[in-house]
Amino acid sequence: MTTTKHLLTSVETARFVANGYHRMDAIVPPGLNERAIPEFDAGQQPHVDYGTPVKDAFPEGSISRALLDIPAVAGALQSLVGPDPTVDHHHVHVREPHEGNAQPLHGDAIIDTRIDAFDVQLMYYPQEVTADMGGTLSVPGSHLRRTNESDTGRYQNLRGQTRLTCPPGTVVLLHHGIWHGGRRNDSDIRRYMYKIRFNPTVPQVRTWDVSDLDDPQVAEALSVFHPWSEHATARLEIYNRIKMWRALTNDPSFDIDYWATRVANRPGRV
Amino acid sequence: MKQHVLVLYLNTSGLDSQVLAWAEYDGTGKTNPTTGDGDDPPYETGVEALRDGWRLFQASQLIPPYPGHEYDTSFLKHEFWFEKLE
């Protein structure tokens with residue numbers, strides 16, 4: 001991780017808090033994309049122990065290190081997980097041509113209810129992903145729902161879901177809790193996605209460029225309603241984002257439309 | 001006779017509210033629905049499914065939040081199961 005520049009703005013970070021992802025299209029240069037698939041096919045990704053610092057996990061010259069040294073990727077990752085994260089694990093995911101099945105909608109690992117800390121998962125797509133290639137399904141704003149792994153497998157489709165299509169070299173950074181799954185690949189082409197999970201090693205407080213912290217677009221971003229969420233529950237989603245934003249900014253007075261202040265107001269009570 | 005099942009997730013506990021999410025399981029084997037296979041819901045509301053011949057056989061209960069967890073969010077709340085026998 002070579003740079004502290006290219007940090008996300010507060011508005012971009014607020015969008016991550018509301019949506020659970022930050023997407024960067026075609027951010028990886030073609031030369032690296034062209035290296036990636038042969039190396040993925042050859043199984044050249046090194047084993048990494050849980051909790052290994054990035055610089056120890058991925059040697060100079062490796063695809064993983066080169067990916068993480070791209071200034072926009074390094075800046076976005078630092079903005080979300082903080083400086084010097086450790087690598088939890090990494091893996092190349094392949095959807096085979098006409099393999100017939102989609103993954104059930106799931107969250108990775110196990111139910112993880114942290115609101116004042118979170119892991120970030122990087123998904124890298126080295127090739128163009130077209131609609132029939134089984135690009136990752138994800139559900140914007142689902143990351144704060146408390147569900148365990150594939151217990152959401154009953155849900156096949158939700159309004160506002162993202163069925164990823166992208167140009168080569170696209171990187172998406174995701175909150176650990178987001179509902180997602182590899183879709184059925186109905187094409188003749190193997191579809192690749194390389195995932196790295198990062199754990200924070202410092203408090204995730206004001207780790208982005210906070211110069212626009214008072215921009216009204218921050219509250220606007222945090223207030224978004226997702227079309228799959230029940231109207232009543234969507235209000236609770238905003239309440240939970242307020243709690244998360246308070247933790248990330250270390251500002252216990254932050255609020256939107258009085259949602260959190262109103263329900264905590266108990267004059268004269270301890 | 002084989003069972004064709006449709007699951008609709010609605011905006012409120014009312015069957016006439018908007019469809020937010022859906023799933024379909026086809027025991028006839030004529031179709032093979034799966035995760036992430038479409039962005040458009042089959043019906044706009046639960047009642048619209050009734051009008052198209054789907055028979056409702058289960059609706060999620062209204063369960064109050066557990067004390068201390070009133071602000072937690074989890075699974076989709078308003079789940080309705082329909083069937084057609086074909």
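This is a predicted model: local features need pLDDT of at least 70, side-chain atom pairs count only at pLDDT 80 or more; totals for chains, interfaces and linings use all residues.
Helices here are DSSP runs of H or I with at least four residues, strands are E runs of at least two, and both are numbered from the N terminus. Among the buried residues of α5(A) are V73(A), L77(A) and L80(A). The buried residues pack against α1 (10-19), β1 (21-24), α4 (63-69), β4 (120-125), β8 (170-175) and β10 (191-199) of chain A. After the helix comes G82(A), with a positive phi near 90 degrees.

Chain A also has an open sheet of three strands in the order β7-β5-β9, paired antiparallel (pairing needs at least two DSSP bridges). β7 (162-163) and β9 (180-181) of chain A are at the edges with a single partner strand each, so one side of each lacks a neighbour in the sheet.

Chains A and B meet through 29 residues of chain A and 24 residues of chain B, contact meaning C-beta atoms, placed from the backbone, within 7 Å. Strand β2 (residues 19-26) of chain B gives the largest share of chain B's side, five residues.

| Residue | Bridge partner | Strand of partner |
|---|---|---|
| N157(A) | W22(B) | β2(B) |
| L137(A) | R163(A) | β7(A) |

Strand β6 (residues 157-158) of chain A runs antiparallel to β2(B), joined by two bridges.

Residues are numbered from 1 along each chain as its sequence is written, and chains are lettered from A and ligands numbered from 1 in the order written. Local features need pLDDT of at least 70 and side-chain atom pairs count only at pLDDT 80 or more, while totals for chains, interfaces and linings use all residues.

Key:
Two residues are in contact if their C-beta atoms, placed from the backbone, lie within 7 Å. A residue is buried if 20 or more other C-beta atoms lie within 10 Å of its own, exposed if 12 or fewer, and partly exposed in between; C-beta atoms are placed from the backbone.
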